[in-house]
Amino acid sequence: MKRQALLSTTLLLGLSAPALAVEKGDVVAHYADIAAAKYEDSLTTAQRLLDAVNTLVEAPSAEALEDAKAAWIAARVPYQQTEVYRFGNAIVDDWEGKVNAWPLDEGLIDYVDAGYGGPTDENELAVLNVVATPIFSVAGSDVDATEITPALLSDTLHEADGVEANVATGYHAIEFLLWGQDLNGHGPGAGDRPWTDYAGGDTCTGGNCARRAAYLQAATALLVSDLEWMAAQWQEGGAARNQLIADETAALSAMLTGMGSLSYGEQAGERMRLGLMLNDPEEEHDCFSDNTHNSHYYDGLGVQNVYLGAYVRVDGSLVDGPSLQDLVAVADPALDAEMSQKLSTTMMALARIKTAAEAGFSYDMMLEQGNAAGEALVMGGVNGLVDQTRSIERVVAALGVSSIAFEGSDSLDNPTAVFE
């Protein structure tokens, strides 16, 4: 039973709430246990995605494509909850760009609409279209991409020419290959790639169907192998776990840095407020699939479950144990009540976005200029995330952790710079 529930019970009975003796080391170890569970779930769901992709490639059909899309959306649920392990854990930050980099210049990978444009001074490879181009040049060197392999994607194409927008691997490259571009602007509807983009013979649309299938399989297999590696880092004896348990104070700093930086600069700023300021549907995190409402929701849930020390696995089982909440409840019960309430308020705001999107009011529609209802929904989430960050800062002080500089965003800290 979490401390908050225990406090509620004792108050109802008129009893004095006991001080729960929780050691910092136990909290740190349980934080690592939750990470292990989340990355294991991310791996499991990615393996299911690979199975669905293989089925699509081996027997293309409209149903097989829909099954692969559903598997991709399911795979995002546990992965998004791992993002709170970024910022404070260097091993995650150094790796994360392989699996979740965005936004991307999708023309690097496959065909795009004529309105997409061409090469730019910033990115000469913006419309390379690897699927249609077996031989090409990167940074003055010829590349033989006759066979599309995981190594080609990770070692040659990903961030080619040093351009971050050249995203060749990870969830969003796979998302584009499953959905295609979302050409609806602020109108309803996600990308609408036909299943025949993976068909053979005269049925093939978009050209190069076999190479497109090879790219999709290579990217998904690479995602699985990358998640296998990260899951191993959180097991007993893994590098990420060992680094944490070596220094309890530094570990608490990592936990709180992840919570604060994801809440403030990353989610409230770069993923939500910025898109609203620009009224740009391309600023959606999951822009091809119109799944951004879920990405925001599960990012927020990841922050909450680090504080509570509780995570619901994809099989429905609960991972529950010593938490930051337990430490704060002893150090400052009023602050624990404040922190818990703000996390709950944020999750309600993100749930409203999720519910509205699932009812047909998609996130890109919410970003349209002059859409007051959409702005209110998005800003509800932004305001909740910013407000909970202020309480996270107080938790840092209450637990005696050294001062932490959370990630910022011009959209929150210097809005005029966004339009310069």
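Colleague: Is Phe 87 buried or exposed, and at what relative accessible area?
Modeller: This is a predicted model, with local features needing pLDDT of at least 70 and side-chain atom pairs counting only at pLDDT 80 or more, while totals for chains, interfaces and linings use all residues. Numbering runs from 1 along each chain as its sequence is written, and side-chain values use heavy atoms, leaving out hydrogens and water. Buried means under 20% relative accessible area, exposed over 50% and partly exposed in between (1.4 Å probe, protein chains only). So Phe 87 is buried, at 17%.

Colleague: And what's the phi of Phe 87?
Modeller: Phe 87 sits in the loop between H3 and H4 (helices, H or I, of at least four residues and strands, E, of at least two are DSSP runs, numbered from the N terminus). Most residues other than glycine have a negative phi. Phe 87 goes positive without being a glycine, with phi near 75°.

Colleague: Which element gives the most to the lining of the largest pocket?
Modeller: A pocket is an open set of points on a 1 Å grid over the protein atoms alone, where a 1.4 Å probe fits, with protein on both sides within 12 Å along at least five of seven lines; lining residues have an atom within 4 Å of a point. The largest one has 20 lining residues, with Arg 86, Ala 101, Trp 102, Pro 103 and Glu 164 nearest its centre. H4 and helix H9 (248-278) are the elements giving two or more residues to that lining. With six residues, the top contributor is H4.

Colleague: What's omega for the bond joining Trp 102 and Pro 103?
Modeller: Most peptide bonds are trans. Pro 103, in the loop between H4 and strand E1 (135-138), is joined to Trp 102 by a cis one, with omega about -10°.
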